[in-house]
Amino acid sequence: MPLTVLSRRLRALALAVGLGLGLGLAALPADAQSVNPTALSVQEQQLLQTLQKVEGRVSIPDAKSGVLIQPEGQAWRDFHEKTLPQVGTWGLLGTLGIVLLFWVVRGRIRIEAGPSTRTITRFNGFERFVHWLTASSFIVLALSGLNVTFGKHLLLPLIGPHPFHIVSELAKLAHNYLSFPFTLGVVLMLLIWIKDNIPTGVDVVWFLKGGGILGKGHPAAGRFNGGQKLIFWAVVLGGGAIAATGYLLMFPFYVTDIAGMQTAQMVHGLLAVAVAAVIIGHIYIGSVGMEGAFDAMGSGEVDLNWAKEHHSLWVEDATRKNPGIVHNPGRMAPAE
Ligand code: HEM
């Protein structure tokens with residue numbers, strides 16, 4: 001066992017013993033009282049096993065500070081130091097690997113009919129603002145969150161303690177404050193896009209046809225296809241739960257006790273890894289992975305052939321309701 005860990009544990013042990021005595025050992029189980037904590041032969045592990053919970057009374061208003069040892073704390077530390085880093089490493093590197101493999105096997109998805117001279121308005125300015133508000137805050141939240149879990153293993157050895165201290169301080173501030181625009185973005189996304197993201201039978205067929213990846217041709221889709229609906233709900237439900245558990249951690253003990261805080265932290269970390277993995281796939285397909293896709297969130301105008309191939313039902317519906325949605329930027333305006 002490294003010396004620092006040993007000395008930390010010994011200090012915790014000494015404190016436990018001291019406070020345990022101070023608290024009058026009132027809350028100890030009967031067999032715990034038969035242990036002489038000052039005896040040299042008492043092992044830390046033996047003591048911790050015996051003292052399942054050390055809890056007593058304190059005279060300050062904060063009653064929860066009377067809890068000195070609770071076994072869940074050790075389970076939580078294990079999760080924080082081992083399980084979450086492992087899940088994060090496998091989840092995120094695994095997703096990057098799958099995306100890379102997809103790119104190697106499938107290549108960039110092209111507009112099959114070739115680019116058209118006409119465009120169709122896919123997202124208006126407000127929709128794009130909401131998307132980029134959510135996206136930019138999520139990306140900084142994800143990177144600053146990753147620093148909490150991986151920073152001391154990856155970044156600290158690379159840049160040294162002082163720069164790491166500054167980066168981590170700024171990352172923590174960003175993580176706290178950007179939670180607000182992210183939450184606002186998620187709520188606005190829900191409001192503006194929920195009507196287009198209700199699952200239908202069309203999505204089932206879309207999935208059965210593998211979203212067009214398996215076999216020939218493009219399965220029909222409305223404004224959002226089945227895969228995009230999954231992303232939408234992952235962002236709204238997953239992102240919403242990440243935000244809610246994040247606020248529990250940001251304002252400790254207002255709503256929940258120590259066990260609730262530990263659960264909130266675990267849910268926050270695991271969901272963050274899951275949503276980040278989904279978003280890695282989304283960013284790939286929305287940028288380099290598919291010809292013509294980025295324009296939807298860039299200028300808001302997409303190639304008409306792209307739209308017909310990927311969102312055929314939406315094009316029919318939208319052009320029927322508003323023929324002016326289709327533009328012809330390739331053609332010169334006729335002279336007066
Ligand atoms: C650089 C990063 C990103 C790029 C390039 C990007 C690109 C895009 C594009 C092109 C679309 C429209 C797709 C279409 O027209 O059908 C879109 C939609 C969307 N984006 Fe992003 N996005 C990014 C980051 C994010 C992030 C971080 C989130 C959420 C945390 C997000 C959430 C969504 C959602 C919910 C939609 C609508 C559903 C969908 O099309 O999947 N995006 N994005």
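These legends accompany several close-up views of a predicted model.

**Figure 1. The whole chain, before we zoom in.**
The protein chain holds eleven helices and five strands. Of its 336 residues, 35% count as buried. Its accessible surface comes to about 19,900 Å², and 69% of that belongs to carbon and sulfur atoms.

**Figure 2. Helix H3 and its kink.**
Helix H3 covers residues 71–106. With 36 residues at 1.5 Å a residue, H3 should span 52 Å, and its end C-alpha atoms are 50 Å apart, which agrees. H3 also has a kink of about 40 degrees, centred on Phe79. Phe79 is one of the buried residues of this helix, and others include Gly73, His80, Leu84, Pro85 and Gly88. Further along H3, Leu92, Thr95 and Val99 are buried as well. What covers them? Helix H4 (125–159) and H9 are among the elements covering the buried residues of H3. Just after H3 comes Gly107, with a positive phi of about 70 degrees.

Gln265 lies in helix H9. Is Gln265 buried or exposed? Its relative accessible area is 14%, under the 20% limit, so Gln265 counts as buried. Leaving aside neighbours within four places in sequence, Gln265 is in contact with Trp76, Phe79, His80, Leu84 and Leu249.

**Figure 3. A salt bridge within one helix.**
Lys82 and Asp78 form a salt bridge, and their closest N and O atoms are 3.6 Å apart. Why are these two separated by about one helical turn? Because they are four residues apart in helix H3. Lys82 is partly exposed, with a relative accessible area of 48%, and Asp78 is also partly exposed, at 38%.

**Figure 4. A salt bridge between distant parts of the chain.**
Here Arg110 pairs with Glu291 in a salt bridge, with 3.9 Å between the closest N and O atoms. The pair links distant parts of the chain, the two residues being 181 residues apart. Arg110 sits in the loop between H3 and strand E3 (119–121), whereas Glu291 sits in the loop between helix H9 (258–286) and strand E4 (301–303). Arg110 counts as partly exposed at 49% relative accessibility, while Glu291, at 19%, is buried.

**Figure 5. A network of salt bridges.**
How many salt bridges does a search of the whole structure find? There are ten. In this view, Glu127, Lys195, Asp196 and Arg223 are linked in a network. One of the pairs is Lys195 with Asp196, whose closest N and O atoms are 3.4 Å apart. Lys195 has a relative accessibility of 60% and therefore counts as exposed.

**Figure 6. A nonpolar patch on the surface.**
Eight residues come into view here: Ile166, Leu170, Leu173, Tyr177, Phe180, Phe251, Tyr254 and Val255 form a nonpolar patch on the surface. Together they have about 920 Å² of accessible area. Which helix gives the largest share of the patch? That is helix H5 (residues 161–177), which contributes four residues. Ile166 has its place in H5, and at 40% relative accessibility Ile166 counts as partly exposed.

**Figure 7. Phe253 and its positive phi.**
Phe253 is found in the loop between helix H8 (226–250) and H9. Its phi is near 70 degrees, a positive value in a residue other than glycine. Most residues other than glycine have a negative phi. At 34% relative accessibility, Phe253 counts as partly exposed.

**Figure 8. Val302, a buried residue in strand E4.**
Val302 is found in strand E4, and at 0% relative accessibility Val302 counts as buried. Not counting residues up to four places away in sequence, Val302 touches Arg118, Thr119, Ile120, Arg122, Gly292, Asp295, Ala296 and Ala307. His327 lies 25 residues from Val302 along the chain, and the C-alpha atoms of the two are separated by 9.9 Å.

Terms used: Residues numbered from 1 in each chain as written. Predicted model: local features only at pLDDT ≥ 70, side-chain atom pairs only at ≥ 80, totals over all residues. Heavy atoms only, no water. Patch = residues over 30% accessible without salt bridge, like charges linked within 9 Å, V, L, I, M, F, W, Y side chains within 5 Å. Areas by Shrake-Rupley, 256 points an atom, 1.4 Å probe, with all protein chains shown as cover. Salt bridge = Lys/Arg side-chain N within 4 Å of Asp/Glu carboxyl O. Buried < 20%, exposed > 50% of the residue type's maximum accessible area, 1.4 Å probe, protein only. Expected span 1.5 Å × (residues − 1). Bend = angle between axes of the 7 residues up to and from the residue. Contact = heavy atoms within 4.5 Å.
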